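Please look through the sequence and the model below, and then follow the explanation paragraph by paragraph.

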Amino acid sequence: MKIELNDNKVLFNNGSSSQEIHPFWLRERVSNEKYFDNNTQQRKFDPTFLNTDISIKSARISNDLLEVNFNDGVNFKLEINKIIQEFSKDDFLIQSISKEKWDSTLGNINKYNFYDEIYESKEMYNLLTEFYKYGFVIFKNVPTNDNFIVKFANSIGSVRRTNFGEHFNVKSVPNPNDLAYTSLPLAPHTDNPYRNPVPCIQLLHCITNEVSGGFSTLVDGYTVTEDLKKDFKEYYDILTKVKVKFKFIDKDVVLEGWSELIKLDENKKFKQVKFSPRLDFVPILNKDQLDLYYKARNKISSMYNSDKYKIEFKLMSGDLLMMDNYRLLHGRTEFDANEGNRFLQGAYIDFDSTEGKLRHLKRKFNF
Ligand SMILES: [Fe+2]
């Protein structure tokens, strides 16, 4: 990849072809003191107030710098490396980490020992990369006192507060407002599909676990989606098209969100799954469409619940599971509350937390 000049045109050559860089694109990047604040990396000018017909009067390359004179009298030097960086995959850090499909055969679960300085460490960079590959990581030996989960969340990014509070306590209580707060088994589901936006990442921290049951389960919604697409295309198609209503009510709030069970991005690639069949409501469609929808929902449900895709493990005191709520489904097996205490604390963070931390650590360690 390199920058070339041709008749005052600046060209970007990626090795196989070359394209002209728009003069305005360069003009926006003028970064001398008058136009750019180095500390915040923000412009001191508003480029939407500039004439977009800007052109280059002269340009030259010397050493690692591109020097450009614009027709509005501005002259500046830009580091060529910085231009190339914007054309490279480095600028798409998260997208460049490809997701690994996994199922029940996933061997070593991604576990990391917690220590006070871990948030700023190379290990944190590595484990966040693993998080984006597999959709989850587990921290061991995380302090269990004083709602530490909130401090943990705020040390990676910022806790995402909801009407459940900054964090929520998962233990069986009388008259619960959610089945999570019982000792019943919980089938694989995603959390809070009724929120807008849906919380991105769930943290689940085991404070005590004295019961013999109550295993945690995880399923990779990405793997299931890809398999559904391959083997049951008709089902995949309808689940990516029909928007259903998810609803949560309690005495203080009514939350509703409309979404497909499988959400695709603008390139028709996997973006998110939502699955919580105790609180989803499909609209009235014609009978044939609904017939197909119900068959499709049953099929994806049987895949989510099958042993082929599920991993099962026991969270013990001090274990903290960090999972992607857009990609994974989670659940738990039944337990007998008379055997002892089972107490977990949960909290949410959003993707800007992990993405921001990953980019920061990449910058810090010059990866
Ligand atoms: Fe949940």
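**A walk through the model**

In strand β16, V254 is the residue that stands opposite I249. Strands here are DSSP runs of E with at least two residues, helices are runs of H or I with at least four residues, and both are numbered from the N terminus. Strand β15 (residues 244-249) is joined to β16 by 6 bridges, and these two strands run antiparallel; strands are said to pair if DSSP finds at least two bridges between them. Together 3 strands form an open sheet in the order β16-β15-β19, with antiparallel pairing. Its edge strands are β16 (254-259) and β19 (280-281), each of which pairs on one side only.

Some background belongs here. This is a predicted model, in which local features need pLDDT of at least 70 and side-chain atom pairs count only at pLDDT 80 or more, while totals for chains, interfaces and linings use all residues. Residues are numbered from 1 along each chain as its sequence is written.

Now consider the whole chain. The protein chain has 8 helices and 23 strands, and its C-alpha trace spans about 80 × 55 × 45 Å along its principal axes. The domain assignment gives domain 1 (2-87) and domain 2 (111-365), with bounds that come from an automatic or database domain assignment. The C-alpha centres of domain 1 and domain 2 lie 44 Å apart. Of the 367 residues of the protein chain, 28% count as buried; a residue is buried if 20 or more other C-beta atoms lie within 10 Å of its own, exposed if 12 or fewer, and partly exposed in between, with C-beta atoms placed from the backbone. Two residues are in contact if their C-beta atoms, placed from the backbone, lie within 7 Å, and among contacts between residues at least 6 apart in sequence, 74% join residues at least 24 apart.

Strand β13 is joined by 5 bridges to strand β21 (residues 320-324), the two running antiparallel, and L204 stands opposite L321 in β21. With strand β23 (residues 342-349), β13 pairs in the antiparallel sense over 8 bridges, and there the bridge partner of T208 is F343.

Another strand to follow is β22 (residues 328-332), which pairs with strand β12 (residues 186-189) in the antiparallel sense over 2 bridges, with H189 opposite H330 in β22. Strand β14 (residues 216-220) and β22 also pair in the antiparallel sense, over 5 bridges, and the partner of D220 in β22 is L328.

The helices can be read in a similar way. Helix α3 (residues 122-134) has 13 residues and should span 18 Å at 1.5 Å a residue, which agrees with the 19 Å between its end C-alpha atoms; the expected span is 1.5 Å times one less than the number of residues. The buried residues of α3 are M124, L128, Y132 and Y134, and what covers them includes β10 (136-140) and α8 (351-365). After α3 comes G135, whose phi is positive, near 90 degrees.
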